[in-house]
Amino acid sequence: MAHPVEHNDEGLYGLMAEYADADGLVQGIKKIRQAGYKEVDAFTPQPEHAVNDALGAKTIIPWIVLAGGVAGLLIGFGLQYWSSAIAYPLNVGGRPLNSWISFLPVTFEMTVLLAGLSAVFGTLALAGLPMPYHPVFNVPKFTEKNSRDGFFLLVKAEDPHFDYEQTQFLMSQSGAEGVYDVPK
Amino acid sequence: MLSSPQHEATQPKTAGQVPVLAPGHNMRSITDKISDIVLKPKGGIGWVIGFAITFALTMQLLFSIGWLLLRGIGVWGNNQPASWAFDIINFVWWIGIGHAGTLISAILLLLRQQWRTSINRMAEAITLFAVANAGLYPLLHTGRPWLDYWLFPYPNTMGLWPQFRSPLVWDVFAISTYLTISLLFWYMGLLPDLATLRDRATGKIKRMAYGIFSLGWRNSARHWKTYEQAYFLLAALSTPLVISVHTIVSFDFAVSVIPGWHTTVFPPYFVAGALYAGFAMVLMVAIPVRKIFNIEDFITMRHIRNMSIIMLVSGLVVAYGYLTEGFAAWYSANPFEIDTVLLLRFVTGPYRVLAWLLIACNVVIPQLLWSSRVRSNTVLIWLISGVISVGMWLERFVIIVMSLTNDFLPSSWAMYAPTVTDIAMYTGTIGFFLFLLLLFIRFVPMISAFEMRELLHKVSHSGDHHSSSNDSQHGGEVVPVPGD
């Protein structure tokens with residue numbers, strides 16, 4: 001972690017701080033966000049609600065799933081109505097062509113199918129995955145610990161407040177166990 | 001910080017209650033132990049022998065399918081009047097086995113049952129492989145499986161559309177949705193663990209393979225936020241789905257007019273039977289696996305006991321279903337129903353031995369699970385689970401074959417017997433199921449490591465808010481100690 005005296009922010013994706021545990025990370029996030037940083041992300045080995053809250057993380061996934069479910073419902077019922085009543089009307093024992101009660105199982109399955117597909121693919125799309133390469137993987141400590149027991153905080157260089165020395169100082173003052181460069 | 005109900009859930013309530021996670025683990029030890037099963041496999045010879053046997057059975061399955069495609073479905077034993085037999089028995093049997101996976105992963109997640117965590121991945125895998133086997137049967141039973149795309153609604157030059165008023169078409173949608181959603185749910189749960197394997201793998205090929213399948217997951221808190229909600233929503237969607245699937249499967253029978261099938265008790269009774277068979281299969285897999293891979297810390301006796309209790313309860317519901325079925329037949333005062341469901345089935349019919357065997361397997365023997373001594377004996381539980389699996393298979397035989405072979409006209413009565421191809425295919429699907437299971441255990445973490453870390457974190461924070469869960473020095477204090 002010996003940095004060159006005159007540091008060039010070109011080629012730097014950001015700075016990463018490592019914390020001992022989730023509580024430390026939450027404190028770190030609070031400090032960094034109080035200082036006005038916006039382009040901040042945190043990395044935890046498992047979902048940590050306190051970290052998400054401190055980060056102010058929001059998600060629109062429930063709305064995506066709802067939209068998928070409604071689309072499935074409309075497509076499922078519409079398909080059956082159109083094919084049974086309009087495209088291929090078939091009189092079965094005098095039953096009405098739009099025998100909607102019989103259409104419920106398929107409508108339900110289509111609702112679940114499209115809602116489920118939008119849950120999974122919506123999550124991937126919102127997370128920008130698949131993305132096999134990302135600058136954070138350039139930090140050796142991160143790849144070693146991130147998916148086991150490491151708690152990391154990232155401040156991106158594109159943040160308007162980002163200043164290499166100042167940000168680094170702030171991070172090390174926030175209870176971090178180590179601060180690392182994240183090369184692009 | 002946790003709310004008190006969850007706190008209580010992880011604490012031993014009575015003496016003898018075992019925790020959901022053995023004491024002395026920290027985040028690193030959990031992760032390493034789970035991923036080492038995949039990354040540093042031990043005792044390869046047993047796995048190789050198992051692989052060889054199940055591979056041979058898989059080949060047997062493929063051979064019997066090839067023979068079927070070559071000669072047509074006349075190679076199966078089913079013929080009028082038993083137009084449905086082994087194919088549908090095994091279809092329903094396999095679908096039922098799949099249901100415990102969804103129950104464990106989805107319903108227990110919604111109910112915040114923390115003990116589900118170490119068994120959900122394996123149960124979901126069982127679901128997937130069971131449904132894959134189940135799907136084979138109706139697809140092959142169409143007789144010309146290369147035209148199976150006709151089952152789906154698509155604009156075609158014949159100007160035809162599927163008959164959406166038929167339960168058989170509902171089945172197509174239910175099973176394909178179930179398979180898709182189960183696969184997605186399983187893969188979504190795997191994603192963070194594949195990332196762990198990617199980070200921990202040493203070989204280049206392994207790193208690349210896990211890297212590709214982990215899609216570049218990097219445990220970002222912003223991603224977790226979306227991920228958790230999506231996972232929860234998937235669970236909420238899977239819960240009614242799993243119930244709808246077996247309900248629709250039961251409609252295949254209940255909507256018809258065959259005596260013994262035409263009854264409204266079928267949907268709930270089939271769903272309960274599915275859970276019963278499914279838990280039996282999960283126990284049959286989990287009991288040897290926890291021993292062989294030395295993961296009794298994670299799949300504790302608490303899990304085995306809880307699953308035994310659920311199995312006992314669903315078994316009682318199934319037994320109640322049998323009673324209701326008999327009562328409804330008697331109360332209908334319909335001679336055909338009474339003959340099929342009561343007289344021919346149990347007293348005078350040619351297959352009555354199987355019906356009594358079914359009662360023994362599904363109703364009598366599982367009552368042993370009332371005893372807590374039995375529930376602490378994994379060998380006995382394993383044997384009882386095996387008996388239940390046989391019993392559930394017999395149940396489908398009794399419902400399907402016995403109703404078809406003895407219908408309205410005695411002149412059309414005939415016996416049914418499976419052929420060699422039938423039996424080869426059935427044993428082949430069991431081999432294929434175990435084959436997939438062996439591959440799963442070898443290449444994918446069979447316990448969800450990230451959810452175990454989360455569980456550890458919850459358990460450790462339930463007592464002391466300030467205790468640090470990831471610090472290895474504090475590793476010993478993080479989990480409640482067993483009561484006895």
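The following legends describe close-up views of a predicted model.

**View 1. The two domains of chain A.**
Chain A is divided into two domains. Domain 1 is made of two stretches, residues 12-58 and 134-183, whereas domain 2 covers residues 61-126. The centres of domain 1 and domain 2 of chain A, taken over C-alpha atoms, are separated by 44 Å.

**View 2. The open sheet of chain A.**
Four strands of chain A form an open sheet, and their order is β2-β3-β1-β4 with antiparallel pairing. Strands β2 (40-43) and β4 (178-183) of chain A are the edge strands, each of which pairs on one side only. From one strand to the next, the twist averages 25°. Strand β1 (residues 12-19) and strand β3 (residues 151-156) of chain A run antiparallel and are joined by six bridges. Within this part of the sheet, Leu15(A) stands opposite Val155(A) in β3(A).

Four bridges join β2(A) to β3(A), and the two strands run antiparallel. Asp41(A) has Leu154(A) in β3(A) as its bridge partner. In a regular strand, side chains alternate between the two faces of the sheet. Both faces of β2(A) are covered. Val40(A) and Ala42(A) lie on one side, Asp41(A) and Phe43(A) lie on the other, and all of these residues are buried.

**View 3. A salt bridge between Glu39(A) and Lys156(A).**
The structure holds seven salt bridges over all chains, and one of them is formed by Glu39(A) with Lys156(A). The closest N and O atoms of this pair are 3.9 Å apart. Glu39(A) is in the loop between α1 (22-34) and β2 of chain A, and Lys156(A) is in strand β3 of chain A. The pair links distant parts of the chain, 117 residues apart. Glu39(A) counts as partly exposed because its relative accessibility is 28%, which is between the limits of 20% and 50%.

**View 5**
Ile60(A), Trp63(A), Leu66(A), Val70(A), Leu73(A), Leu74(A) and Leu126(A) make a nonpolar surface patch of about 710 Å². Helix α3 (residues 61-87) of chain A gives the most to the patch, with five residues. Leu73(A) is found in helix α3 of chain A, and at 42% relative accessibility this leucine counts as partly exposed.

**View 4. Two cis peptide bonds.**
Most peptide bonds are trans. A cis peptide bond joins Leu129(A) and Pro130(A), with omega at about 0°. Pro130(A) is found in the loop between α4 (104-127) and α5 (140-145) of chain A. In chain B, a cis peptide bond with omega of about 0° joins Gln80(B) and Pro81(B). Pro81(B) is placed in the loop between α3 (44-71) and α4 (86-110) of chain B.

**View 5. Positive phi values in two loops of chain B.**
Most residues other than glycine have a negative phi. Asn219(B) has a positive phi near 60° and is not a glycine. This asparagine lies in the loop between α7 (204-213) and α8 (221-254) of chain B. With a relative accessible area of 1%, Asn219(B) is buried. Ala333(B) also has a positive phi, of about 60°, although it is not a glycine. The loop that holds Ala333(B) is between α10 (301-332) and α11 (335-348) of chain B. Ala333(B) counts as exposed at 57% relative accessibility.

**View 6. Two salt bridges of chain B.**
Side chains of opposite charge can pair when their charged atoms come close. The side chains of Asp193(B) and Arg121(B) meet in a salt bridge at 3.1 Å, N to O. Asp193(B) lies in helix α6 (residues 167-200) and Arg121(B) in helix α5 (residues 120-141) of chain B, so the pair ties together parts that are 72 residues apart in sequence. Both Asp193(B) and Arg121(B) are buried. Lys291(B) forms a salt bridge with Glu296(B), and their closest N and O atoms are 3.4 Å apart. Lys291(B) is exposed, with a relative accessible area of 58%, whereas Glu296(B) is partly exposed at 27%.

**View 7. The buried residue Arg396(B).**
Arg396(B) is placed in helix α14 (residues 378-405) of chain B. This arginine is buried, with a relative accessible area of 2%. Arg396(B) and Asn90(B) are 306 residues apart in sequence, and 8.1 Å separate them in space, C-alpha to C-alpha.

Definitions and conventions. Residues are numbered from 1 along each chain as its sequence is written. Chains are lettered from A and ligands numbered from 1 in the order in which they are written. This is a predicted model: local features need pLDDT of at least 70, side-chain atom pairs count only at pLDDT 80 or more; totals for chains, interfaces and linings use all residues. Side-chain values use heavy atoms; hydrogens and water are left out. Patches are made of residues with over 30% relative accessible area and no salt bridge: like charges are joined within 9 Å, nonpolar side chains (Val, Leu, Ile, Met, Phe, Trp, Tyr) within 5 Å. Accessible areas come from the Shrake-Rupley method with a 1.4 Å probe; for residues, only the protein chains shown count as cover. A salt bridge is a side-chain nitrogen of Lys or Arg within 4 Å of a carboxyl oxygen of Asp or Glu. Buried means under 20% relative accessible area, exposed over 50%, partly exposed in between (1.4 Å probe, protein chains only). Domain bounds come from an automatic or database domain assignment. Two strands pair if DSSP finds at least two bridges between them. Axes are lines fitted to C-alpha atoms, for helices over the stretch in contact, and angles run from 0 to 180 degrees between N-to-C directions.
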